[in-house]
Amino acid sequence: MLWVVEAWRGLAALMVLWAHWGGALGWPMGPMAFAFTGVDLFFVLSGFVFAPAILQRAPVSLAAYGLRRVTRIYPAYLAALALYVALAWYAGKPLLYVPEHVLMAHVQSREMAFYYNPVFWSLPAEVSFYVLVPALGWLLAGAAARQQKWRWAVVCVLALGVRFGLLYSADGAAQNLAYVLLSHLPGLLAEFLVGVGVWRHWQLQPQATARSSALLGLAGLLGWLALAQLFGALQSASGTPDWRNGQLGLVAALCFAAMLRASLSLPATHWGLWASQWGGRMSYAMYLLHMAWLTPAVMASALWGTAAGTVLALAGLTVSCLALHWLVEEPARHWGRSLARRWER
């Protein structure tokens, strides 16, 4: 795995954490009110990581591929879900939608998707993309170069067409089917394909100059900051949070794609490798668990001040993330890879 991709994973998790903790703990927000687009960054990174399977070759064994994906994401998710269900029970909250969450079929309404942990909404879309990867690989990987180019263009146009068609038909108040699908793979496929496009461009033009990379990265950063400003203005104009403003995430994905492409030319350093290694390892656990520590963070901040409360909550979150990674995520991943290799042989 490229070190820059792992570093971006860590940054994406921190962005989502800031988006959820910042307002409650009185952190400076400003552009970071738009930090929820760290989820869109995760989608771009997933597209980049699975681009070789889509554009070069389909998985040799579908069973082995599926086992790797299930053991990579599902055990840690189940452990986190058990924690949030236990916290809900302790707080006296009705234990609704548990079967839907266990089956990752909980993106049927906003209430259901957000009931235990708001970040759980994105996982069914991620899993659906994993399911689609072999089909896209079958469609694109075996084609001749010219034919692949046209097929790739058709897939991208269709994904964008579905996104805008769903956006036109979606009703956030009634939460109709178009609104639900907009938050699932049909509406989010375009963002995964943005990541695939970054990998494709990198393969075609691997040697980017330092100047062009710097300009591309700066353009992506300035674009994201401009979107953050626009998001704040739209939220202020509407007076209340409007689900439509969240659709800027697609444009934010393009900004992340520019920054990701620019970062692929960065040289590896000792500190960069260390930070990316731990950022990548901790990113999924942090994404899953950070909401469990928000209430303790608020309580500790009320008692000892924002700085002390934040430090204590971050320390607790770090310990819980390490426990989830070492006790569940990493053993499950290694077991799945080992068994998948046996299946392939």
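This is a predicted model: local features need pLDDT of at least 70, side-chain atom pairs count only at pLDDT 80 or more; totals for chains, interfaces and linings use all residues.
**Notes on the helices and the nonpolar core**

1. You'll find L136 in helix 6, which covers residues 123-140.

2. What does L136 touch, if we skip residues up to four places away in sequence? The list is I54, A141 and V155. Take a look at I54 in particular: L136 and I54 are 82 residues apart in sequence, yet their C-alpha atoms are 5.5 Å apart in space.

3. I54 turns up again beside F129. Setting aside neighbours within four places in sequence, F129 is in contact with S46, G47, F50, I54, L185, L189 and F192.

4. Now zoom out to the core. The largest nonpolar core has 92 residues, and F129 is among those with the most contacts inside it, along with F120, L123, W224 and L288. Helix 2 (residues 38-55) supplies the largest share of this core, 12 residues. There's also a second, separate core of six residues, including A178, Y179, L182 and W243. As background, nonpolar side chains tend to be buried together in soluble globular proteins.

5. Next, helix 9 (residues 185-204). Its 20 residues should span 28 Å at 1.5 Å a residue, and the end C-alpha atoms are 27 Å apart, which agrees. Is helix 9 largely enclosed or largely open? Of its 20 residues, 14 are buried, so helix 9 is largely enclosed by the rest of the structure.

6. The cut-off for buried is under 20%. Beyond neighbours within four places in sequence, H184 is in contact with V107, P124, A125 and S128.

7. The axes of helix 12 (residues 270-289) and helix 14 (residues 306-344) come within 9 Å and cross at roughly 105 degrees. The two helices are therefore roughly perpendicular to each other. On the helix 12 side, the contact is made by W278, R281, M282, Y284, A285, M286, L288 and L289; helix 14 brings L317, T318, S320, C321, L322, L324, H325, W326 and E329. Sorted by type, the residues of this contact are 12 nonpolar, three polar and two charged. You've met L288 already: it is one of the residues with the most contacts inside the largest nonpolar core.

Technical notes. Residues are numbered from 1 along each chain as its sequence is written. Side-chain values use heavy atoms; hydrogens and water are left out. Axes are lines fitted to C-alpha atoms, for helices over the stretch in contact, and angles run from 0 to 180 degrees between N-to-C directions. Helices (H or I, at least four residues) and strands (E, at least two) are DSSP runs, numbered from the N terminus. Angles under 35 degrees count as roughly parallel, over 145 as roughly antiparallel, 65 to 115 as roughly perpendicular and the rest as oblique. Contact means heavy atoms within 4.5 Å. Ala, Val, Leu, Ile, Met, Phe, Trp, Tyr, Cys and Pro count as nonpolar, Asp, Glu, Lys and Arg as charged, and the others, Gly among them, as polar. A nonpolar core is a set of buried Ala, Val, Leu, Ile, Met, Phe, Trp, Tyr and Cys residues joined through side-chain atoms within 4.5 Å. Buried means under 20% relative accessible area, exposed over 50%, partly exposed in between (1.4 Å probe, protein chains only). The expected span of a helix is 1.5 Å times one less than its number of residues.
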